[in-house]
Amino acid sequence: MNELKKYPTDAEARKMIVEIGRRMYMKNFVAANDGNISCKVDDDTIMTTPTGVSKGFMSEDEMVKMRLDGTVISQGDRGPSSEAKMHLRIYNESKDAMAVCHAHPPISTSFAIAGMSLDRAIYPEALVNLGTVPCVHYEAPGSQGIPDSIAPYVRDYNALLLANHGAVAWGPSLMEAWYRLEALEHYAMVIMYTGNIIGKANVLSCDQVGELLRIRERMGITTGGIPACAARPSNTVDVVAGHSPVGEKPDGLKTYGLKTYGQKEPESPCGCAAGSDSLSEAELKQITQAVIARLSGKK
Ligand SMILES: [Zn+2]
């Protein structure tokens, strides 16, 4: 045994794999019998998950013990997953890899399907503990193509996206490999939200907000604050597949801050904080007067 490395005992490895499988399942990283987990238990031996079982409901005696050359030493009712080849290749490529977690987390798998790597410097945790995550080309699950496709990257990265398949992460311990897989999915989620999901909001106009305030008033509700509104309505066009309206370019997007419930009312006469950056003074005045007229006319 390598004195520089502390390997878990077989019993510890079995227990940790069951626990990480449970977390993987609870976090919706896998469906049905997807995913696989492994860790080294000495220089030439790993403990890994069996084929054909849900990762959320495994037992310790189901684990497969095998050598890095693929020879099975012991197993429960089932042999190793066909994707164990990928794990073995990671251990053979990098002596620092002590554990590997593979799953199909929905957001990172979506990036893998889109053929997009995760490579934006957007927050420290992802950058420090995970780093960038390349997306390697497609190979059929369980084929020898997958280990070959990841091999060039194992020494330089901590995780990879597998095109049209899923994600894999490795690390110096089972828990750290799992944390990297978790961090990878979180990173993918943040990239999706910030850059790929919406990127635009049609904020209600001051007229529309005024109308809602009057309804609320009639219902006797006096709490709830007043949200900021948009000077002009931006939701008046039907959006029909194949007939998209002329869209705003990203650099033409406007954002309006939302007021939190209970905040002091803003100073504008309509009770809103209209963005006036693209309006002339005359336009703003006209809108304000219209809102005041509508509000006062109903009182
Ligand atoms: Zn897979």
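Predicted model: local features only at pLDDT ≥ 70, side-chain atom pairs only at ≥ 80, totals over all residues.

Trainee: Which residues form the nonpolar patch on the surface?

Mentor: Tyr 25, Met 26 and Phe 57. Together they have about 370 Å² of accessible area.

Trainee: Where is Tyr 25 found?

Mentor: In helix H1, which covers residues 10-26.

Trainee: And is Tyr 25 buried, partly exposed or exposed?

Mentor: Partly exposed. Its relative accessible area is 34%, and a patch residue needs over 30%.

Trainee: On to the rings. How many aromatic pairs are there?

Mentor: The count comes to 3. One of them is Phe 29 with Trp 178. That pair is tilted, 5.5 Å centre to centre, with 50° between the planes.

Trainee: Which parts of the chain does that pair link?

Mentor: Distant ones, 149 residues apart. Phe 29 lies in the loop between H1 and strand E1 (36-42). Trp 178 is in helix H6, residues 174-197.

Trainee: Are Phe 29 and Trp 178 buried or exposed?

Mentor: Phe 29 is buried, at 2% relative accessible area. Trp 178 is buried too, at 0%. The cut-off for buried is under 20%.

Trainee: What about Tyr 153 and Tyr 157?

Mentor: Their ring centres are 6.1 Å apart. The planes sit at 55°, so this pair is tilted; over 60 would count as edge-to-face.

How values were computed:
Residues numbered from 1 in each chain as written. Heavy atoms only, no water. Patch = residues over 30% accessible without salt bridge, like charges linked within 9 Å, V, L, I, M, F, W, Y side chains within 5 Å. Areas by Shrake-Rupley, 256 points an atom, 1.4 Å probe, with all protein chains shown as cover. Salt bridge = Lys/Arg side-chain N within 4 Å of Asp/Glu carboxyl O. Helix = DSSP H or I, 4+ residues; strand = E, 2+ residues; numbered from the N terminus. Buried < 20%, exposed > 50% of the residue type's maximum accessible area, 1.4 Å probe, protein only. Phe/Tyr/Trp six-rings, centres within 6.5 Å; stacked < 30°, edge-to-face > 60°.
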